[in-house]
Number of protein chains: 2
Amino acid sequence: MQHLLLINIRQLVGVEKGDNRMSRVAGADMKHLPTIDNAWLFIENGRIHSFGTMDEEHFIQCNDIIDLKGKKTVIPAFVDSHTHLVFAGSREGEFVDRINGLSYEEIARRGGGILNSAAKLNAANENELYHAAHERLHRVMAQGTGAIEIKSGYGLTVEGELKMLRVIRRLKENSPIPIKASFLAAHAYPIDYKKNHEGYLNLIINEMLPQIADEGLADYMDVFCEEGFFSVDETSRLLDAGAKYGLKPKIHANQLHYSGGVQVGVQHKAISVDHLECIGDAEIEALKSSNTMPTLLPAAAFFLGIQYQPARKIIDAGLPVCLASDYNPGSCPSGNMPLLLTIACTQLKMTPEEAINAVTINGAAALELEQEIGSIAIGKKANLIITKDIPSISYIPYDFGNNPVEKLIINGAVV
Amino acid sequence: MQHLLLINIRQLVGVEKGDNRMSRVAGADMKHLPTIDNAWLFIENGRIHSFGTMDEEHFIQCNDIIDLKGKKTVIPAFVDSHTHLVFAGSREGEFVDRINGLSYEEIARRGGGILNSAAKLNAANENELYHAAHERLHRVMAQGTGAIEIKSGYGLTVEGELKMLRVIRRLKENSPIPIKASFLAAHAYPIDYKKNHEGYLNLIINEMLPQIADEGLADYMDVFCEEGFFSVDETSRLLDAGAKYGLKPKIHANQLHYSGGVQVGVQHKAISVDHLECIGDAEIEALKSSNTMPTLLPAAAFFLGIQYQPARKIIDAGLPVCLASDYNPGSCPSGNMPLLLTIACTQLKMTPEEAINAVTINGAAALELEQEIGSIAIGKKANLIITKDIPSISYIPYDFGNNPVEKLIINGAVV
């Protein structure tokens with residue numbers, strides 16, 4: 001039996017008491033982030049065994065004790081439910097092109113965008129890709145990420161997509177944190193299929209999906225449903241095809257237009273619809289009738305300098321909000337979750353409690369891991385952040401540009 | 001004689017060759033950031049002795065060599081020319097109040113704002129203040145800050161202002177980096193003088209200034225020239241009074257209104273006018289007739305969620321731009337200069353070269369240190385950043401939320 005006892009925790013955050021497990025937090029409830037001051041937490045075999053307050057409740061003694069001396073806070077590790085962590089090569093040239101006023105279309109015409117990453121990825125070998133992604137993964141873990149989703153979508157060929165998904169599988173095998181893989185061949189039409197959409201859809205449906213399912217390489221089916229990318233009808237066909245292989249949808253929707261992406265996601269019982277810069281009443285109504293998680297990616301909006309997602313409108317409609325990084329080499333070359341919290345608070349006007357709920361319990365829900373992680377609850381995995389000395393939870397987004405994480409605990413062990 | 005030789009530098013950035021020293025970079029020239037690829041740099045007694053390319057020029061051999069293996073870039077250390085680094089206590093409560101929609105006035109009425117910091121500062125002892133500021137200073141040095149300006153202005157009493165300036169003097173004495181002190185008693189009217197402006201001006205002019213001059217505690221005279229704070233006439237009187245004691249002006253201007261702050265600064269030959277969210281043709285014309293440095297503080301605009309400064313308009317008018325952090329517990333609790341570069345590039349649409357010029361040579365000019373630091377030039381202090389492995393200078397603002405600094409060299413020594 002492995003044990004770890006944390007004592008004199010300044011504040012234990014994101015606590016669930018009793019047997020009724022939350023599956024997610026929505027609407028006005030997002031403002032609430034239950035806490036226990038002056039707490040202890042006992043971990044057994046990687047899971048949360050018990051917790052309480054230092055002054056009132058007895059705790060089990062063990063040899064492995066971390067004394068936080070009343071200065072450190074313990075919160076659930078962050079869940080980053082939308083990333084493109086596996087990629088080959090940075091794209092800072094396009095970043096400069098954008099500053100100089102080049103349009104998305106002009107950058108694409110010069111060989112930029114997703115197709116730029118696809119060319120680099122297809123030229124890279126699997127080992128290089130793995131090591132670069134592994135390094136990125138450990139960098140974001142040092143910033144508090146304790147579970148992550150990673151997408152394919154820079155292959156756009158059978159070999160390229162399989163290569164990416166095998167890299168993700170290798171990360172799953174060699175990293176302590178939970179990782180989910182999404183199959184995103186429908187990220188962009190490759191050059192060879194620019195005028196042959198039917199051909200590319202058939203390639204995805206008839207060649208990629210069977211092999212991916214055969215090797216068990218993906219957990220989710222993703223599509224970039226957007227004008228100029230995949231239409232609502234094409235998205236629908238692809239989600240149906242994925243469903244035949246047991247892949248549930250998590251899709252890119254409504255980033256640049258009122259594309260119908262949210263509605264087609266909801267119709268297909270998507271686990272989440274992600275991006276959501278363009279959200280009106282119809283999209284809100286569709287989401288209200290569903291269990292689909294609205295996932296916002298404001299760090300990408302920050303980096304591109306475009307409009308932010310209407311988080312308040314979504315929360316005020318009684319819906320949940322999840323936040324994720326969108327870590328990718330084009331529109332968001334950062335997986336820094338503490339900074340994402342600052343962007344959510346300062347630009348989307350989410351409160352610190354809402355933002356932290358959005359990257360813990362709601363992040364877990366967006367990966368169907370809400371029974372395992374995302375809150376401090378008995379029986380859940382001990383995937384936790386021990387913070388540096390901070391006076392309150394609000395200090396995390398307030399103290400921007402600094403890393404609040406002192407230690408990351410995964411499965412009850414400091415990593 | 002102390003020596004240090006850097007070899008196999010991937011790129012040496014911000015280089016000045018020849019004897020004609022730049023004093024600052026303005027207009028279209030800001031896009032140029034001279035570099036040498038595959039370089040070496042020789043440091044003698046803390047100053048840059050010589051530099052060149054690995055393949056063409058001979059370099060002096062010495063025992064202290066750092067081999068950068070063609071992977072690291074060397075750039076001038078960042079100059080942060082506007083901070084309020086000395087303060088007592090964080091103000092994350094006001095940050096949450098703002099998210100919840102409280103106005104600046106309402107927050108002030110509840111005891112927030114500058115007066116909140118003033119109350120905390122006057123209650124703190126000098127030793128506590130020093131140690132907290134020292135820790136902050138070393139945190140921003142780890143993020144590449146190699147010279148800094150620090151203001152008083154949370155005292156607003158004779159004792160409080162002197163206490164702050166003595167803390168800054170102690171930082172100067174105990175820190176390796178150049179530090180300049182600005183006297184900012186005219187930061188806000190304290191409660192006791194809310195209806196007695198004349199009384200507070202007299203306190204500053206007749207009691208504070210003589211003591212500060214006597215102890216040699218300040219390098220600059222600062223005033224928050226803004227509606228509701230100090231009027232143009234009051235600013236003018238204060239700058240005249242400071243000038244009698246040899247304190248040149250560096251002032252807060254045009255943050256919230258077209259206040260006339262820029263013009264009064266220029267009239268008094270201010271070294272810099274800082275903030276500049278509200279800049280029109282009259283302000284541009286005034287600046288064009290001056291040597292006053294326009295200094296922008298976009299990280300504060302980001303944190304407050306207000307409009308950004310019109311950097312392009314200023315640069316396109318042929319003027320220089322300087323960027324600084326505004327590190328302070330209210331409107332910008334971060335002194336992270338790499339992140340400031342990202343905000344400048346993504347929100348103000350400055351190119352990476354413009355942004356780096358703005359925080360190196362122009363930052364140095366805003367502290368009258370352009371003959372000592374801010375570029376790689378023979379005879380200047382070796383205050384340098386050795387970066388982590390990066391493929392280009394653009395990668396620094398692109399790779400946001402990560403620290404590009406591997407080592408900081410101050411006066412030729414790794415700190």
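User: At the start of helix 12 of chain A, which backbone nitrogen does a side-chain oxygen of Asn336(A) reach?
Analyst: That of Leu339(A), to within 2.9 Å. Keep in mind that this is a predicted model.

User: Is helix 12 of chain A mostly covered or mostly open?
Analyst: Mostly covered: eleven of its eleven residues, 337-347, are buried. Among them are Met337(A), Pro338(A), Cys345(A) and Gln347(A).

User: What comes just after helix 12 of chain A?
Analyst: Lys349(A), which takes a positive phi of about 60°. Lys349(A) sits in the loop between helix 12 and helix 13 of chain A.

User: Is Lys349(A) buried, partly exposed or exposed?
Analyst: Partly exposed, with a relative accessible area of 29%.

User: And how many residues of helix 13 of chain A are buried?
Analyst: Seven of its eight residues (352-359), so helix 13 is largely enclosed by the rest of the structure. The buried ones include Pro352(A), Glu354(A) and Val359(A).

User: Over to chain B. Where is Lys69(B)?
Analyst: In the loop between strand 4 (65-67) and strand 5 (72-76) of chain B. Lys69(B) has a positive phi, near 55°. At 64% relative accessibility, Lys69(B) counts as exposed.

User: What rotation superposes chain A on chain B?
Analyst: One of 180°, with 0.0 Å of shift along its axis and an RMSD of 0.0 Å. That is the relation of a two-fold axis. The same surface serves both copies, as 100% of the contact residues of chain A recur in chain B.

User: Which residue of chain A comes closest to the rotation axis?
Analyst: Gly401(A), with its C-alpha at 3.3 Å from the axis.

User: New topic, pockets. How much space lies in the second largest pocket?
Analyst: About 980 Å³. The second largest pocket is lined by 36 residues, and Tyr104(A), Gly113(A), Ile114(A), Phe224(A) and Phe229(A) lie nearest its centre.

User: Which elements give two or more residues to that lining?
Analyst: Helix 1 (92-99), helix 2 (104-109) and helix 3 (114-123) of chain A. The largest share, five residues, comes from helix 2 of chain A.

User: How do the residues of the lining of the second largest pocket divide into nonpolar, polar and charged?
Analyst: The lining has 14 nonpolar, 14 polar and eight charged residues.

Technical notes. Residues numbered from 1 in each chain as written. Chains lettered and ligands numbered in written order. Predicted model: local features only at pLDDT ≥ 70, side-chain atom pairs only at ≥ 80, totals over all residues. Heavy atoms only, no water. Buried < 20%, exposed > 50% of the residue type's maximum accessible area, 1.4 Å probe, protein only. Helix = DSSP H or I, 4+ residues; strand = E, 2+ residues; numbered from the N terminus. Polar contact = N/O pair within 3.5 Å; in protein donor to acceptor, adjacent residues only side chain to side chain. Least-squares fit on C-alpha atoms with pLDDT ≥ 70 in both. Contact = heavy atoms within 4.5 Å. 1 Å grid on protein atoms, 1.4 Å probe; cavity = no way out; pocket = protein on both sides within 12 Å on 5 of 7 lines; lining within 4 Å. Points joined across faces, edges and corners; volume = space filled by probe spheres on them. Nonpolar A, V, L, I, M, F, W, Y, C, P; charged D, E, K, R; others polar.
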